[in-house]
Amino acid sequence: MTDLLAARSQMALSLGFHIIFAAVGIAMPFLMSIAHYRYLKTRRPEYRVLTKAWSKTVAIFFAVGAVSGTALSFELGLLWPGFMIHAGPIIGMPFSWEGAAFFLEAIFIGIFLYGWKRLPERSHWLSGVMVGISGVASGFFVICANGWMNSPAGFDWNGGEPINIDPWAAMFNDAALGQGVHMIIASFQAVGFAFAGVHALLYLRWKHPVHHEAMKIAFFVGAIAAIIQPISGDLLAKGVAQRQPIKLAAMEGHFETEKGAPLLLGGLPNVETRRTDYALPIPKALSFLAFGDFNAEVKGLNDFPRDLWPPVVITHIAFQIMIGIGTLMALVSVLGLFWLWKKPQNFLRPLWLKLLVLMSPLGLIAIEAGWVVTEVGRQPWVIYGYLKTADALTPRPGIVYTFILYTAIYIALTLVVYQLVRRQISTLQQDLGQPQDKETQP
Amino acid sequence: MNLVDVVLVFLGLSLLFYALFGGADLGGGIMELFLSKDTREDERALITHAMAPVWEANHVWLILAVVILFMGFPRVYTEASTYLHLPLMALLVGIVARGCAFTFRYYDTSRTYRRTYTRIFAYSSLWTAFFLGVLGASSVAGLIHPKAMTYGELFLDPWLNPFCISLGLFTASFCTMLAAIFLVGEADDIDLTRILRRKAKITLLVTSFLAPVPLVMAHLMNRPIFEMIRDHRPSLLFFVLAILLIPCVWISLNRSIWTTWARALSVMLVGSIILSWFMAQYPTALFYAGDSGQPSLSFQEAAAPPATLRVLVGGLVVGSLCIFPALAYLFRIFKWETLDEERRYKP
């Protein structure tokens, strides 16, 4: 394994690990606050139990997210000093804002988790909401920095050195808003579906009404997000078509520049023959989706020098996974919301519950796939068009060993968190006890 | 005072607060290695109780310092993360391990697992505090050698030396002292308070005895650390203040009504040590080896362009206005209100 590959793998692993915890940290406090609000309104003890259970999840995921995020803030320098020396002054601003938002999140999570008996109820509830708001803010700021890597702005490049630095222009680059919104919606979508699935499973097993309530809250949040997400994704893809045509071409497995380009569903790009095999083409759809015009010209990979291509197969497949999952989730969401509105009894059908169980990991998979699209699709650049990833690499040797170390740590942490959440669930069962008489069931 | 100095004040404050509050949390973990037989569970519960609501906020001071460093002084950040990558990596492993272990212990219902987490939490706290001290020391040790040829000279010598190691041990020791003194005020049981007060005194003694060791080591290594303190007036002032504060902390630990004083004085003691170090180091960020042919890196040289520093300062001021009231609220709820047993939070 070369040092570059080891460093990229370590970065991908660290981000891929952290992003799950960050997504839970963004969306989960809101689910918790909804359950908490219900408790304060209805005073039904199950809601209190549910709020506490969800708040423990928030606490566990926040703590792991916080420490893995700390690791990331150092890893940027440990792996990519050639990137940070230039990027730090240009794009440090959203990072420093992220630091502030994260600080507030850490403060309010302490207040919420341990303040049950110490605060007036309304302040306590509000502190839970504040955890979510600062989580959204910190997520958005970090994505601004990532957007800048895709759409660099706010500096002039003078022989390998940035001059005329304008941190505001850098932070509010063209990609920031689209990417940030897409990621935040994705968090709600993925976390909503994940928890709807978990509680559907618990309901199937225990038939306790609280799981049904929990499932409805989580599904509602996830479904709204899943329905908005395709719109946000479409806007983002249109931006990518403008800013990074080569990334769009790799995402779509699109080799030949043409007018009225077809959208390829599935398929396996072959970079040797420069064709995408086994795909289902939808005529002119790519031109329309990318530029809003059925006959617009879409640039293909062949128009770019071979050494500037991102890894096409990975980017294309990851994109297909994300799009496929997103479409499925949006369709299920429409159905589910309709039922929730018109036929709530359908929400108890075992088949529906089983579907939700099967769908619970999909959103998180889509998040990972989406990150692969944006990060792998930007290669070989780390600052698109300015600095290659290979030139940002640290000169120190032996990166493969730290990669192994990090892999071991993250695997161990994943297993431990999984076990921990499982034990939390069994404690939740004990706290809830047996369901009351059948009549109270919804 | 120019822009660089303003940013340095914020950097210094972040590091100072991390050393005091994050340090006390690290010390809490280290204390779990030295629990008394009879009060083992009570002490552990007290440490958990004291840390749980605030440790994450305390931890963010470190993140803030890192962010200021890479935005304001990118060269310091990149040089340090190249030549000091081994202790940095060790620090990260420690931070991840102890944060996770502490949280998992709090929420795990299985006793066996809890015991494992406790062990990981305690040892990784010691490990983290040690490497924090090592890293701080290596910035002034003057052994970073960018032109060196061998792996050892490039990546081991800058931190693997008696000065850095003794300063790492000293850091672990003052963290433990802070934790012990803070905990004296948290306990409401007379026996427990007595035991904690004795521990606070022992850690104060150990810290006082360990304090001169790094200076002696530096002297033996021909590294003029003491001279740097002596020749910078403010640094010398804080150094003397720290020495004078040692007996004050000791005396204030004798009476229970002076507990608040003990806390305040111990904060001042550790604060003086840290500030004395900052003043001695200023304006240099990283000291390179004398024979490396490269002058040491000053903050002024490493600083980002003024446009960046201006928005950084603006962000820090606005951020402080948001953070400090919230932080005060957090500490008021959990630290300045004595509560009856009924209102105590439980895991």
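Q: Before we get going, what counts as buried, exposed or partly exposed here?
A: A residue is buried if 20 or more other C-beta atoms lie within 10 Å of its own, exposed if 12 or fewer, and partly exposed in between. One thing to keep in mind as we chat: this is a predicted model.

Q: Great. So is A:Arg274 buried, exposed or partly exposed?
A: A:Arg274 has 14 C-beta neighbours inside 10 Å, so it counts as partly exposed. You'll find A:Arg274 in the loop between strand E5 (268–270) and strand E6 (275–277) of chain A.

Q: And what is its phi?
A: The phi of A:Arg274 is positive, about 55°, although the residue is not a glycine. For background, most residues other than glycine have a negative phi.

Q: What about A:Tyr278, where does that one sit?
A: A:Tyr278 is in the loop between E6 and strand E7 (280–282) of chain A. Its phi is also positive, about 60°, and again the residue is not a glycine.

Q: Is A:Tyr278 buried or exposed?
A: Exposed, because A:Tyr278 has 9 other C-beta atoms within 10 Å.

Q: Switching to peptide bonds. What is the geometry from A:Gln379 to A:Pro380?
A: That bond is cis, with omega near 5°. A:Pro380 belongs to the loop between H12 and strand E9 (381–383) of chain A.

Q: And over in chain B, what about B:Tyr282 to B:Pro283?
A: The bond from B:Tyr282 to B:Pro283 is cis too, with omega near 5°. B:Pro283 sits in the loop between helix H13 (259–281) and strand E1 (284–286) of chain B. As a general point, most peptide bonds are trans.

Q: Let's talk about how the chains meet. How many residues does each chain put into the contact?
A: Chain A supplies 56 residues and chain B supplies 53 residues.

Q: Which element of chain A gives the most?
A: H3(A) does, with 22 residues on the side of chain A that touches chain B. By class, that side of chain A has 36 nonpolar, 14 polar and 6 charged residues.

Q: Now helix packing inside chain A. How do H10(A) and H12(A) cross?
A: The axes of H10(A), residues 312–342, and H12(A), residues 362–376, come within 8 Å and cross at roughly 145°. The crossing is left-handed.

Q: Which residues meet there?
A: From H10(A), the residues include A:Ile314, A:Phe319, A:Met322 and A:Met329. They are part of a contact with H12(A) residues, among them A:Leu362, A:Ile365, A:Val373 and A:Val376. The contact divides into 14 nonpolar, 4 polar and no charged residues.

Q: How do H1(B) and H2(B) in chain B cross?
A: The axes of H1(B), residues 3–31, and H2(B), residues 40–51, come within 10 Å and cross at roughly 165°. That makes H1(B) roughly antiparallel to H2(B). This crossing is left-handed as well.

Q: Which residues make that contact?
A: B:Asp25, B:Gly28 and B:Met31 in H1(B) meet B:Ile47, B:Ala50 and B:Met51 in H2(B). By class, there are 4 nonpolar, 1 polar and 1 charged.

Q: What does A:Gly197 contact, leaving aside neighbours within four places in sequence?
A: A:Gly197 is in contact with A:Leu356, A:Val357, A:Met359 and A:Ser360.

Q: Last one: is B:Pro146 buried, exposed or partly exposed?
A: B:Pro146 is partly exposed, with 16 other C-beta atoms within 10 Å. B:Pro146 lies in the loop between helix H6 (111–140) and helix H7 (151–156) of chain B. Leaving aside its neighbours within four places in sequence, B:Pro146 is in contact with B:Tyr288, B:Ser292 and B:Gln294.

Technical notes: Residues numbered from 1 in each chain as written. Chains lettered and ligands numbered in written order. Predicted model: local features only at pLDDT ≥ 70, side-chain atom pairs only at ≥ 80, totals over all residues. Contact = placed C-beta atoms within 7 Å. Helix = DSSP H or I, 4+ residues; strand = E, 2+ residues; numbered from the N terminus. Nonpolar A, V, L, I, M, F, W, Y, C, P; charged D, E, K, R; others polar. Axes fitted to C-alpha atoms, helices over the stretch in contact; angles between N-to-C directions. Left-handed = near helix turned anticlockwise from the far one by under 90°. Parallel < 35°, antiparallel > 145°, perpendicular 65-115°, else oblique.
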